[in-house]
Each structure stands twice: as C-alpha cells, then as structure tokens.
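Subject: Structure for you to look at

Dear colleague,

I am handing over the structure we spoke about, and I would be glad if you looked through it with the notes that follow.

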Amino acid sequence: MYALFLELEGLRQLSRLTPDVGRELLNSVGATVLPLGGVIAQHEGNHLLVLFPRSGEEDHYQVLDAGFQLLAGLKPWHQELIGSTLVAEYVEDELDTGFRRLRKMVNRLPHDAGIWIGTTAERILDGTVAMRRDRGFALIDAPTQSESRGPVDCHTFLRSDEAVIEALDAMEPWIVGDAPPAMLLFRSRDRRHARAVAEHVAGDLCGTAAEPRWISLYPSEREDAAVAPIANSVFPGESLNAFLHSYEAALRDRCVVVLDGVRNAPATPGVFDHLETDVLSSFGLAVLARYRELRSQLIPPVMVLENIDHFSVESVRLIRRVYDRLEPEVRPFLLATSAHATVPVAFADLLMQVIALQRPTAATIAAAADRMLSDTAKRSVRIADSLRRSGGMFSRLYHHFVCVHDALNHSAAHRTPIAPAPENTGGNSPDTDEDTPAELSATLDLVDRLHQDEREILAVACLVGGRVGAALAGEIAHALSFDPLRVRQVARRLASLGLVRDAGSLFVENGSLRDAVLQSVEGDTRRIRSAVARTLLSMVETDQIHLTRSLISVVSSTGEDWLPAFRAFLRHALDARRFDRVLPIFGSAADVRGATDRPDLFDDLLAFAQLRMALLAGDETSADQRYVEYSEGPRTPAPFDRSVAADGALELARYAAAKGDFPRARSMCKQAIMGYQDADDSAGVGRANLEFGSLLLGREQIGDARDYFLMTRPPSGSGRYGYDEVRGVLSEIVCLFVSGHLTRVRGHVQMIRNHAHGLGMRDVELLLDLVEGRVAFELGMYDEATSHLEQGLCSARIYDNAAAAAVFRAWIARCLVYRDDPRTALCALEEMDTRGEVRLFRAEALYRMDMPREAGAQLTDQEPDGRTVFRSPETIDWSDGFAPLENRAFGVSAGESVLRNQATSLGAYLTAVNGEVDDAIEQMHRLTRQEKISTNDPYNRLYYFLYSEILPRSKSPDREDYLTILGKSVKYMQERNSRLDEYRDKTSFLSRNYWNRLLLEEARTHNLI
C-alpha cells in the first residue's frame, strides 16, 4: 500500500505551546487525506505517517493528489512551522520499520520542496509520472505526465453533437413559443448512451448548474414499481414552498412525508393506505414549484423519462396524470429514451419525433480516439478490435478506451496486454436487452482492472443498488467496514466510468453486468453476500428497516437465518395493505421455501399471512379456506417458533371475531398473549393486547379495554409509533368518546394525528377528522363540526374513499339541520343513498321543518342493522358515522346499535306527535324496559327525554311517571357533562347542543336542576 511521510518541523513545539493550533493542524491533515482514502497511522513528534490501506500499485493517482493537496494546505501554516518535507512511498514492511526507514530518508534529503519518492515507489512509478533526480533522490514536480491522463468521464464521452443539434432543431418551435410541448424519443439499445444524449440536450437547453435544472425519472427495482421512477427522481427542497400558493403548500406538506418515505424505502418503514394518491399530490406540487422557480429564471421546463419502455403500466398512468396537471401552467417538454421506436399509449399523443442514435463505426471510433485519448494510447487502439469490443455500443467503447489507458499506466512489471475479445458473430438484435459475454467483454475487462475495494463496493451495488434508497446502500457499504468517504469516492468513480447510473443510487442497470460483477469477485462472493445479508438482517432486527421482496432474495441465498426478517416483511406489507407486495411471494413460495432449512416454519408464516390478507380484504371464502387448511400453530420449543405459533393464534382470533364467534376469539387471543409472553416477544404481546382490548370493548367493558389499549403504547421516552401503536391510541379514543370524555378525545386526536400522518395512514386520518367533527357536534358547536367534516370530505375524495365520503356528506347535512337550515340539508340528503343513518337525518330535517308525518315515514320499516358483514377487526368500518365509534362498543354481539336506538326513539316521538300516543309509548317502553338499553349508551339522555315528552300526551293511568323518566334523562346528561374537563366544553354541551338545551329548559321548568 502507498504511504505519505511528512516531517513538519516545529510541530512538536507548536503542540506544546499552542495545543489548539497543533490539533487544528493535525485535523487539517487528516481532513485532506481522508476523502482520498488516507488515514494518519502514526504520529511521533514532528513526523506523520499517512497510510492508504486500500491502495494497490496502480493507485498512485489518488496518493499523489493527496500529496499535492497537503503541500497546498500547509502553506497557510508557514508562520507556525519551520519547514515541511513530504515523501511518497510504497510500504511493504512492518509499520514501525517503514516509519524508521522513511525518517532516515528524510534526514538525508537535500531540501524540502515538492514530493520526494521512496525507492520502492520509484521502481513502481518509473515511466508513469514526471520525475527528476536531485543528488540521488527522485523528486516529482508535477502530479503526472499529460500522456498518462485517461479519457474524460463516461457522460462527456457519450455526447453526440449530431443528435443534440437534431434534437434542439426539432424543439425550436416549442422553445420560441410557436408550438405546444411534446416528446422527443432517443432510441438506442445502448441505454446509457441514450440517457447521456438526452441529458446533454437538457443541459444545453437549461444550462448546467450545481445540480441538474431538469427532472429525471427512471425505473429501477424498487418494491413499489408504480412510483419507482418518481421515487428515484430529484425532489426540490422545502424552500421551494415559496413558489407554491398557501393551499398548495399545505397539501404538499400533508403528503411529503410519504413521498420521502417512498424515496428512502425500505429504510423508512411506513404504512401507505393511498400511496399513489400521496405521491401524485406531493410530487406534482414539488415539480410545479421547481418549474415555477425555473420560469422565474427564464429557464424552460424539461423532464427526462429514462428507459420509458421499462416503466410499469401503473407508473405510466401516474406520470401522465402528473404531466397533465403541469401542462396548463408550465408546459414541460419531455425527452424520453428507449430501446424501441414506440412509447406507451398514454404518451403516444405527445410523441413528436424519434431520433435513432448511431452505433459506433470505424470513423466514429477514430474520431473519438483522436478527441479523447493521448497520443500513446491512440497508437495502442486498433479500430477492428474496438468495433468488436464495443458490441455496437458507445458506452462499451468508452470502457475499452479506459482499459487501454489503464494498461499503459501500469508499471512495466504489471503491464499486461488486453486479451482479444471473442468474435461477435452477430450478437443480439438492437431491440433486445440481453447481453452476451462477447458484448460485455470491454466492460468486464474494466471491472477486472478495478481496485479490490471498488469491485467489492460495485458488488454491493449489484446486490442492493436500485432496490433501496441511496442512503441505505451507503449504510450497508459502511457496515461492511468501508469508510463512508471512501464509499462516496468509489461511487463517484464508478459513475464516471459508467458502471453505475449515478453516484447517489449505485444502480447497476444491466442485469448481465450484475451477474458478471458478482462472478468477478470469485471467492469473495459468498463473503460479500453474507455480509450484506447480515447487515440487512441486523437492521431489520433493530427496526431500522423492513425488507422488500427483492431484498428477501438477497438474504435468503446466504444461509443466514432470514425467517424473522421474512415474518417482519409479511407483517409490514399487510399492515400497509400492500397486497401487491405479498402476492408475488405467495406465487413463488416454492422457490423461497427451498432457501430455508425450516420449511415447516416458513409454511406457518405463509399460512398466517394468507389468512390475515383474506381477513383484511374481506374475502370470507378465502378466509374460510385458510382456516380449514391451518387451525393450529407449530409446537416446537424455540422462542421464535413459539412467537410464530402466537401469530397463528392471533390470526385465528381475528378470524373468529370477523365471523362473530367472540368466545372463540377471546380464547385464541389469550392463547396468543401467553405465547408471545413465553417467547419474550413484547411487540407481539402488544398486538395481542390490542385485539383482546377490542373484544372487551365489544362487551362494553370500556375501562378494562382501555387498560389493554394502553399496553400497546411505546416505551416511555421512545416516542416510536408504528401501525399497532397508532391503532392502540385510536382504540383509546373510541373508549374516551363513547364514555363521554370529549375534551380528552381532542387531545388524543392531536397527539396521534402527526404519527398517523407520518406513517401515511390516511384512513386513520379520515377517522380522526370524523372524530373531531363528532366531538364538536356533541358539544353543539355545529359550525366547527361542519369545518372538520368538510376537511374529512375533501380528504376522502382525494384518497378515493367513497364510503368515508358518503359518511362525511351525511354528517355535514346533519350539521345543517342543527344550524337552522334543514331545507338545504334535506336537499343534500335526498341526493344520497337511502340507508339507516341518512333516513335518521332526513327525519330530523323534516321534523325541524315542522313536517312530523313525513319525518315519521322516514323511520318506518328500518332495514336490518347490517353489521354482520364479514370484516377484519383491523379495518375501519365506514358503513355509517356510528360504525367506527359507538358500534365498536355497543350491541356488538346482539346485532343492535345506537343508530337503531336513536331511530327508534325519534320514530316513537314522531308517532306520538302524529297522534298515535299509545303506539309511541309501547315502542319506548319496549326500548327502555324490555330491551334494556345499555347504561353506557351515550344517548340515554335523548331516549329518556323523548320518552318523557311522549308520556304527558297519554291519558292512561298505567303510563310511567314522566317526571321520573325526565329525571333519568337529566341524570344521564349530568353524568356526561361531569366527564368534560374544560368549562367551555361543559357550557357548550348544556346550552348549545340542540336536544340538551331543550332538556335543560324542561328540567328547569320542573325544578329538576
């Protein structure tokens, strides 16, 4: 390895007299060499030894660059230092021996200017750098000879002036404003060449800056294929909110968390109920802001769609929707690349021209060599050999040129001729993406000439690049003991060589090249695969990431214990309702199963996941089938196996609950809790407690249920909320709501909303909007309730949740009833489907319009409650506005609901108003005495108040005392009021709630308050 030895005269004294200045000087040296792979290995007095531990003999460029940067960096310290001497050497002996040898050499040097060369390094560098002799020692005055400089980076090499000019000519009418935006397609089997040309066109049009002034979208192997091109693009920063209107910025801020989660996935675990909608909204606004900024700088908007023939159908549809939102205002021009001459149908109307890029010819090869290579290298190039090695691609011609330069820059002892390429006897057609070894020969030669650490980092990129975010790829490389700065340095070099798409993504686009690279590391392949797998699995274990389906193929081929991570993958995907993630696993289960030595355990995990998916999808037939196939968990003693068995018990409990078999559900839930406890699986215990609490809530054991929900909270101080924790707090909110603690409900809503928002749990956010609206409605704040419900309706429409939207529309209309606008409310309600809740609200509107007979007609012949629908306890029921709240607690097993009770009581009251008092009293007596309404029912006060209003109309001596019934109503109202924590809420509940106000007035009339 190479080393730089420094003698900094005066450093020892400086460090004693001014320690801070001495440390600053040493830190400056370390910061200079670290990006180039150097570390300070030894420091004694005035002497420093800097080693480049990953350098081979051919790596003199970075070492000499570090040396000249050190010389330049030491100039500001000339007043503190007496002098400085620097020696470059190739160290083969022990560290202490090398240190002493170089110190002796420094003492014999004639002066301290420039970089001196040690005897070993001199033999290696002879002929590759410009050296001169001075009293027997070799001195370098310039970093390298101009002849040894290699070609420019791949992106610059691949520029085609003819294609760029042709494209700009075709775009001229749009540029000058005489034509609408359109699409240019660059066609070439050499995909990197096509991308480079498209980017050069965009650069010439937009002007190059510190970052591209255009948006680039490209497909990769990310899990979410529909949004992968968008996730891979460059997103504008938050500062661009200045170019958005306030309402646009608010919507983007609402969705941007999910967008960032998609970009960084799987490093950022998240739940995406409506992934594409969030991405569409957030990305569309982000791009709009970027283009508005560019327009303010007179830069035309351009979007590059790389490899458009590889975009999924869903991705094409999504991007076209983004484009259509942009087109009226910013009119972006599209530059697309493809191996084919056609584009997806969604973009066919925009295609203006296809520019077919030329393949290398003898003339273009000669011109490129003349333009890019040194005279010595040009003499080493053979046109016929270059034609064979290019495989018809300019990107591989570039790799051949780099190999030629690399061979010339090796020392004579290591200079080896390039082996002739296998004859290409026709190869593949221009329209195929398959590569033969002959076509890859130049690229493979280049890979073989990479340094060992470069090949290993490239191998890591082949395993995870393009499947995960750039940050995670870097973390994995760092976990494999690669210095982060070295990883970034290598990534830049690999990108400049055209081996990865860019330094950020580390995406190796060519599948044949990926296989070849993994083969090139030979004996290190298993070590690298195992190291990557261990890193991924350790990150899963610490809950830093969740695997994706593609990463499972990486970890399952190494012999590591990947089943716990596989279990987490299935759970996370189903938490997110991402059935598209698990369905391919179900389809290829046989292949994955063969990669584990525990096929029985794998089968159990798969069976539980299939049952849960059927439950979440509401597919009763499939759930029944899965239940029959598997009804008991494994019986092996290992803790993980016991935890998996508890998974099975939990899924069977959910199945039983969905089927209405609550005793069976409770039994299985208890079994799951004990199983998780035995396995010391605290997360599993939390999940089982959540389901058991839901079962207790269904039996109206509200206090006990809330205790179980509290157990799902994350440990104190961690603040880490995931899917189960959010569900737990949501269930707490239900408990607080139905028991009347409305003030505390609002506090919980605000606390959990940010967590649900960050996880992308949009259905939960919709329910929180409903809760806030319902709380305000109960408190008689009908204007505020309308505001919350309108927000929910807007969000429900954005996220295409028709059931939720119907609920919000109905409750907004109900608010109008109590805002003294029943006529408008009735018009709105008559546009809605007739169902129980809508009928009740219509009756209320007609009653407020003094039309009791018509109102009563709405409440006759009520249809069945309909809550026997097969539904997983994990899903939110949007059948009406009571279903996700009160119906979770009341009448769960009896099949009744508070909606039915309200309709019955109001219907009886209207029956009495219409003159049929005895029938009305009979209905209310049956409701309050025979059916025995639950004492926990939140609307007892209303039922008894309406009953008390009916009784005076009857002359029967057998009727109940109406003051007694009225007193019960007052008692229930006071109990509910006492549970409100704020005086404002108490006052509002009593004086602004319509029915409470009437009850209060009636009670005061009879001195009951």
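For what comes first, Ala, Val, Leu, Ile, Met, Phe, Trp, Tyr, Cys and Pro count as nonpolar, Asp, Glu, Lys and Arg as charged, and the others, Gly among them, as polar. Please keep in mind throughout that this is a predicted model.

On that division, the lining of the largest cavity holds eight nonpolar residues, nine charged ones and no polar ones. This cavity has a volume of about 200 Å³, and it belongs to a set of seven cavities of 30 Å³ or more that a search of the whole structure finds. Its lining is made up of 17 residues, and those that lie nearest its centre are Arg-571, Phe-608, Arg-612, Asp-647 and Glu-651. The elements that give two or more residues to this lining are helices H24 (563–575), H27 (599–616), H29 (639–659) and H33 (723–739), and the largest share, five residues, comes from H24.

At least two lining residues each are supplied by helix H35 (762–778), helix H37 (802–818), helix H43 (940–950) and helix H46 (994–1005).

Turning to the aromatic residues, the structure holds 26 aromatic pairs. In one of them, Tyr-627 and Tyr-655 are stacked, with 4.5 Å from centre to centre and 15° between the planes. This pair links distant parts of the chain, since Tyr-627 lies in helix H28 (residues 620–629) and Tyr-655 in helix H29, 28 residues apart. How exposed or buried are the two partners? Tyr-627 counts as partly exposed, at 25% relative accessibility, whereas Tyr-655 is buried, with a relative accessible area of 8%.

A further pair is formed by Tyr-944 and Tyr-972, whose ring centres are 5.8 Å apart and whose planes are at 25°, so this pair too is stacked, given that planes under 30 degrees apart count as such. Because Tyr-944 lies in helix H43 and Tyr-972 in helix H44 (residues 962–978), the pair ties together parts that are 28 residues apart in sequence. Both Tyr-944 and Tyr-972 are buried. Tyr-972 has a charged residue over its face as well, namely Lys-971, at 4.9 Å from the ring centre. Elsewhere, Arg-501 lies over the face of Tyr-218, at 3.9 Å from the ring centre.

As for the cysteines, a search of the whole structure finds zero disulfides. Cys-669 is in no disulfide, and the nearest cysteine sulfur, which belongs to Cys-735, is 15 Å away; Cys-669 counts as buried, at 1% relative accessibility. The sulfur of Cys-827 is 17 Å from the closest cysteine sulfur, that of Cys-815, and therefore too far for a bond, a disulfide being a pair of cysteine sulfur atoms within 2.5 Å. Cys-827 is partly exposed, with a relative accessible area of 47%.

Two backbone positions deserve a look of their own. Most residues other than glycine have a negative phi. Asp-820, although it is not a glycine, has a positive phi of about 65°; Asp-820 lies in the loop between H37 and helix H38 (822–829) and counts as exposed, at 57% relative accessibility. Asn-1007 likewise has a positive phi, near 60°; Asn-1007 is found in the segment after H46 and counts as exposed, at 68% relative accessibility.

Lastly, Arg-526 is found in helix H22 (residues 525–541) and counts as exposed, at 61% relative accessibility. Arg-526 and Met-131 are separated by 395 residues in sequence and by 43 Å in space, C-alpha to C-alpha.

With best wishes

Key. Residues numbered from 1 in each chain as written. Predicted model: local features only at pLDDT ≥ 70, side-chain atom pairs only at ≥ 80, totals over all residues. Heavy atoms only, no water. 1 Å grid on protein atoms, 1.4 Å probe; cavity = no way out; pocket = protein on both sides within 12 Å on 5 of 7 lines; lining within 4 Å. Points joined across faces, edges and corners; volume = space filled by probe spheres on them. Helix = DSSP H or I, 4+ residues; strand = E, 2+ residues; numbered from the N terminus. Phe/Tyr/Trp six-rings, centres within 6.5 Å; stacked < 30°, edge-to-face > 60°. Buried < 20%, exposed > 50% of the residue type's maximum accessible area, 1.4 Å probe, protein only. Lys NZ or Arg CZ within 6 Å of the ring centre and 35° of its normal.
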